[in-house]
Amino acid sequence: MKIAVVGTGYVGLVTGTCLAETGNTVTCVDIDQRKVQKLQSGQITIYEPGLEKLFDRNLKEERLLFTTSLADGIKDAEIIFLALPTPPGADGSADLRYVLGVADDIGKLLQDYKVIIDKSTVPVGTAEKVHAAIAANYKGEFDVVSNPEFLREGVAVDDFMKPDRVVIGTTSERAQKLLTELYAPYVRQGNPLIFMDERSAELTKYAANSFLATKISFMNEIAQLCERLGADVDMVRRGIGSDDRIGKRFLFPGIGYGGSCFPKDVQALVHSSGEADYDFKILNAVMEVNETQKRHLVSKIKAYYEGGLTGKHFALWGLAFKPNTDDIREAPALEIIDALVEAGATVTAFDPEAMNNVRGVIGDKIQYAETTYDALEGADALIIATEWNEFRTPDFDKILATLKEPVVFDGRNLFEVQHMYEKGFHYESIGRPLIQ
Ligand code: NAD
């Protein structure tokens with residue numbers, strides 16, 4: 001099939017590349033000229049495990065093309081994916097200007113039947129708005145489908161190639177048939193294509209992300225309770241996770257959820273609820289808990305250094321909002337940096353993939369280390385903000401030898417409390433006992 005993908009960010013580039021991988025010809029469109037030039041010349045613009053190999057192969061086979069021209073991109077396509085940003089507006093609602101702006105442009109360009117598929121996360125009713133925007137300029141037949149994306153950064157290629165499910169919101173039989181054909185190679189193992197109406201599909205995405213964010217905030221509250229009651233959240237997590245109604249996954253407490261999706265999607269659902277005259281009480285609490293949790297590690301640090309943080313220097317491991325990505329949007333590490341610097345401390349950070357992005361946003365507010373251990377030079381303590389695998393079994397003796405004091409504040413519970421105590425560390429983590 002001939003496909004266009006409009007928006008070549010984390011979702012668009014993975015979608016385009018993975019669709020090309022099964023033999024489709026995909027043209028990716030983006031307004032960012034520098035990004036398009038880089039991609040055209042074979043340079044990948046995001047870090048996503050496994051993506052580069054597929055990107056190289058499909059570029060070479062000329063099944064994956066890039067352009068800044070929407071007209072060129074969609075000219076021969078039967079299917080147009082929208083993978084455009086939907087950032088939060090000032091009131092928390094999803095800003096639809098990119099999606100509706102492109103819909104408007106598509107309406108001016110359409111000449112024959114096409115299916116326009118919305119992959120962006122958008123509020124209920126957006127498919128109707130996209131339809132209206134196109135219909136304002138194009139009187140022929142076309143369909144607008146809501147096909148929310150569930151890929152997770154860090155495992156996005158696997159998630160796209162073998163999705164747990166594909167949600168397709170459309171009442172058009174013609175679009176249903178086309179999408180069934182398009183997704184057939186990806187659901188060969190029997191994972192379902194779930195067809196529903198557009199509104200339900202739009203809400204499914206928000207419900208999924210909000211439910212996951214709720215799980216995180218719930219465990220963060222259990223962790224807070226553990227710290228006050230002398231219980232160990234690791235034990236509680238294992239105890240409840242073995243009940244398959246609860247499940248083992250997504251029960252890890254930490255320093256609050258971040259990233260480009262959970263914070264904005266929870267906010268947007270709360271906003272949509274308000275517009276529908278419904279007060280979504282749980283989600284308001286989820287957001288409040290998250291804000292508190294993001295400050296929790298710094299509160300522990302401040303409590304430890306009773307005299308204040310002026311003149312203290314910290315090593316920070318991890319900047320990305322989660323491991324295996326270079327994405328730093330709403331990364332809790334950035335809030336930790338702000339709070340430390342505001343309190344008069346300095347920071348040297350190391351992250352395997354995200355340092356360039358952080359440099360682009362906060363420049364020389366902090367220093368950047370070449371390696372994990374370089375970050376420790378001259379530091380009073382180590383802070384861990386992202387659970388990259390390479391931080392899990394470090395050389396503890398080297399850490400002891402390099403830090404000025406054997407102090408670790410771990411926002412991701414990477415190490416065993418007892419082991420750290422025996423090694424001689426003052427080790428503080430989330431929801432677990434402090435041995436001293
Ligand atoms: P992104 O910011 O990484 O990418 C968006 C791209 O769209 C950028 O490259 C930007 O230059 C481009 N763009 C903006 N306006 C354009 C225009 N008029 N024409 C062409 N291109 C334009 O965003 P993302 O993370 O890929 O997210 C896209 C959507 O998918 C959002 O709605 C998001 O909520 C949703 N989503 C994201 C993820 C994720 O993990 N990142 C997962 C599921 C769903």
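## A first stop: Glu153

Glu153 sits in the loop that runs between strand E6 (143-146) and helix H7 (156-161). Keep in mind that you're looking at a predicted model.

Is Glu153 buried or exposed? It counts as buried, because it has 25 C-beta neighbours inside 10 Å, and the cut-off for buried is 20 or more. Leaving out residues up to four places away in sequence, Glu153 touches Tyr10, Glu48, Thr325 and Asp327.

## Over to Lys264

Next up is Lys264, which you'll find in helix H11 (residues 262-275). Lys264 has 23 C-beta neighbours inside 10 Å, so this residue counts as buried too. Its contacts, again not counting residues up to four places away in sequence, are Pro87 and Pro88.

## What the record says

Glu153 and Lys264 both turn up in a UniProt annotation, "binding site", from an unreviewed entry; the annotation also covers Asp30, Lys35, Thr86, Thr121 and Arg329. Where do these residues sit relative to one another? They span 300 residues in sequence, and the farthest two C-alpha atoms are 24.3 Å apart, so they do not all gather at one spot.

Key
Residues are numbered from 1 along each chain as its sequence is written. This is a predicted model: local features need pLDDT of at least 70, side-chain atom pairs count only at pLDDT 80 or more; totals for chains, interfaces and linings use all residues. UniProt positions are given in the numbering used here, feature names are shortened, and annotations may be inferred rather than shown by experiment. Helices (H or I, at least four residues) and strands (E, at least two) are DSSP runs, numbered from the N terminus. A residue is buried if 20 or more other C-beta atoms lie within 10 Å of its own, exposed if 12 or fewer, and partly exposed in between; C-beta atoms are placed from the backbone. Two residues are in contact if their C-beta atoms, placed from the backbone, lie within 7 Å.
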